Amino acid sequence: MVKYVIGDLLNPHTLHTSGQTSPTTTTTTTTTTHHQCPICLEVFPWVSYLRRHVRIHTGEKPFSCPHCPFRSARNYNLKIHLLTHKKQH
Ligand SMILES: [Zn+2]
Ligand SMILES: [Zn+2]
């Protein structure tokens, strides 16, 4: 199910599935639009951001620690890992 969503996001042809096919009318695309990642539940204001973000989930370990070579497939795990760096301070 999740994989289907990812494929949907990565496919540029399925971008307008939610809208009522009106690409010519650029009337400020709704202010309440927020696109949530189905994997880490992070919310992005633009679908292009979400699409680029979701792509990292297709990789093996998208979340990498800036302080050490630690990498994780889940944002939560990285957050837990980052706490260990804070403790050393
Ligand atoms: Zn995500
Ligand atoms: Zn680290």
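This is a predicted model: local features need pLDDT of at least 70, side-chain atom pairs count only at pLDDT 80 or more; totals for chains, interfaces and linings use all residues.
Local features need pLDDT of at least 70, and side-chain atom pairs count only at pLDDT 80 or more, while totals for chains, interfaces and linings use all residues. Residues are numbered from 1 along each chain as its sequence is written, and chains are lettered from A and ligands numbered from 1 in the order in which they are written.

**Overall fold**
- The protein has 3 helices and 4 strands. Both are DSSP runs numbered from the N terminus: helices are H or I with at least four residues, strands are E with at least two.
- Their order along the sequence is α-β-β-α-β-β-α.
- Buried residues make up 6% of the 89 in the protein. Buried means 20 or more other C-beta atoms within 10 Å of a residue's own, exposed means 12 or fewer, and partly exposed lies in between, with C-beta atoms placed from the backbone.
- Among contacts with a separation of 6 or more, 29% join residues 24 or more positions apart. A contact puts two C-beta atoms, placed from the backbone, within 7 Å.

**Lys61**
- Lys61 sits in the loop between α2 (47–58) and β3 (63–64).
- Lys61 is partly exposed because 13 other C-beta atoms lie within 10 Å.
- Leaving out residues up to four places away in sequence, Lys61 touches Arg71, Ser72 and Ala73.
- Ala73 is 12 residues from Lys61 along the chain, yet their C-alpha atoms are 4.2 Å apart.

**Leu41**
- Leu41 belongs to the loop between β1 (35–36) and β2 (43–44).
- Leu41 has a positive phi, near 65°, and is not a glycine.
- Leu41 counts as exposed because it has 9 C-beta neighbours inside 10 Å.
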